[in-house]
Number of protein chains: 2
Amino acid sequence: MSQKTTYHNEIGAEKVDFTLHATIEALCSDILNVAGNDAKSKGFSADKLMESGRSWVLSRMSVELDRMPAQNELYTIDTWVYENTRVLSTRNFEMIDSLGKIFGRAVSQWCIIDFKTRMPVALDEYADLFEGYIYNAPAPCDPPRKVRGIEPQYHRQHEVRYSDIDFNRHVNTMRYIRMMLNTLPIDYLTDNRPMRLDIHFAKECHLGESLTIGYEQRDNISLFEIRNNDGVVACTAAIEWK
Amino acid sequence: MSQKTTYHNEIGAEKVDFTLHATIEALCSDILNVAGNDAKSKGFSADKLMESGRSWVLSRMSVELDRMPAQNELYTIDTWVYENTRVLSTRNFEMIDSLGKIFGRAVSQWCIIDFKTRMPVALDEYADLFEGYIYNAPAPCDPPRKVRGIEPQYHRQHEVRYSDIDFNRHVNTMRYIRMMLNTLPIDYLTDNRPMRLDIHFAKECHLGESLTIGYEQRDNISLFEIRNNDGVVACTAAIEWK
């Protein structure tokens, strides 16, 4: 019988900004680390897939944060694999503070890519691995919404460097989020406002590429698109500030 | 009776590069987190100092790493406060793998700065706080050496963004190290060579400043200087590759 699995987290000093509250980036990083650790404990981690020249790649994610926890706060993340469609595996998350209140929710959708073709593979090949680990609790929030029609009012460049690259040898998911947040007026990030992030990863970027981050502010929504060396969209995102 | 204090660490997925070994940045970050946690447990943390408008600032550090541990490795850091001079407090570290072998050593020298004057204060004011916590075990490696006479052969720019700023509202120590490492030819970082870092922090940098990272390769030593908006040296470092 499958169920949610609970992981314990702490807002260490390396996770806060100068307001002494966790950054959006650090909380997203905690979510993704929990995804990795849970997949590992259940036998379908990226390490395991790498033995056959494949790996998990995050395709889309939605994250809702009602507040940013303060430095030293303890909290837990509950996670469960929700469903697998043809090429997308959905993993859900709830972030719960020490008083038992849910303050964060996330839905992530992952592909398994083959290193040779760099294309997603059909998940039915892995049905046995997931056997007994799918849990159909209600989704904690809306799945990732489409992000379209961005008309950037502001651009900046980012050259991909060593620290941007992850074990899959492409730009780390978290770095796109960092690039976007670093483009915002700082008040959005330090006012501790409830927010929802929708992010789509369309194309891998690599060492040495010069990326262009485009930013549009449309009422209370911050929209982003990151284009690669060739002007192709690599990542789009929307942050709705509540 | 004072002694070394031991902290447990793990090389999580977020600490490795694509060689699946810990990055220099991640190991330095572990060292500094241990410094913060140990100061906290002993009652002289940055949090505590902030109550009177002061904080710890890292002035110089030397780090020797014989190897970069692999993903999922467990290791411990032993730390102790070694001595306080007029304005510098020295904290030492040993990094020990699961077989009990010391694979890393570090010496860090810290000031307490006053937020109003941004100047270091005399540490004898804090003698009571440190009472019983000074431990004169031999230094694990040479203290930070002077880094002088750098003649950069290569420059690049870095604009200080939100994610670069720490709780002291200036550029995070770890970011200078990242900027330097990101300037190196990548082979230095992925060959898992033993190395020694000497780094000096001369001047605080702030949000929006455009920093210039200068890099000189002199035989087996990589030398760096980071200058602020006004061309003033903010940070210098040398990495010796063994």
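User: In this predicted model, what is the area buried between chain A and chain B?

Analyst: The size of an interface is often given as the accessible area lost when the parts come together. For this predicted model, carbon and sulfur atoms give 55% of the area buried between the two chains. On the side of chain A, the residues A:Phe18, A:Arg161 and A:Tyr162 lose the most area to chain B, and together they make up 30% of what that side buries. The whole area buried between chain A and chain B is about 2600 Å².

User: Which element of chain A gives the largest share of the side that touches chain B?

Analyst: In this interface 27 residues of chain A are in contact with 27 residues of chain B, and the rule counts 10 residue pairs in polar contact between the chains. Helix H1 (24-41), strand S6 (154-159) and helix H5 (187-190) of chain A each supply at least two residues of the touching side. The largest share is 3 residues, and the element that supplies them is H1(A).

User: How many residues on the side of chain A that touches chain B are charged, and how many salt bridges does the rule find across the interface?

Analyst: The residues on that side of chain A include 9 nonpolar and 8 polar ones, while the charged ones number 10. Across the interface of chain A and chain B, the number of salt bridges found by the rule is 0.

User: What is the radius of gyration of chain A?

Analyst: Chain A holds 5 helices and 10 strands, and its C-alpha trace spans about 50 × 45 × 30 Å along the principal axes. Because the chain has 242 residues, a compact globule would have a radius of gyration near 18 Å, and the value for chain A agrees with this, being 18 Å.

User: How far apart in sequence are the parts that A:Lys4 and A:Glu94 tie together?

Analyst: A:Lys4 forms a salt bridge with A:Glu94, with their closest N and O atoms 3.1 Å apart. A:Lys4 lies in the segment before strand S1 (5-10) of chain A and A:Glu94 in strand S4 (residues 89-97) of chain A, so the pair ties together parts whose separation in sequence is 90 residues.

Definitions and conventions:
Residues numbered from 1 in each chain as written. Chains lettered and ligands numbered in written order. Predicted model: local features only at pLDDT ≥ 70, side-chain atom pairs only at ≥ 80, totals over all residues. Heavy atoms only, no water. Contact = heavy atoms within 4.5 Å. Buried area = accessible area lost by both parts, 1.4 Å probe. Salt bridge = Lys/Arg side-chain N within 4 Å of Asp/Glu carboxyl O. Polar contact = N/O pair within 3.5 Å; in protein donor to acceptor, adjacent residues only side chain to side chain. Helix = DSSP H or I, 4+ residues; strand = E, 2+ residues; numbered from the N terminus. Nonpolar A, V, L, I, M, F, W, Y, C, P; charged D, E, K, R; others polar. Rg over C-alpha atoms; globule rule 2.2 N^0.38 Å.
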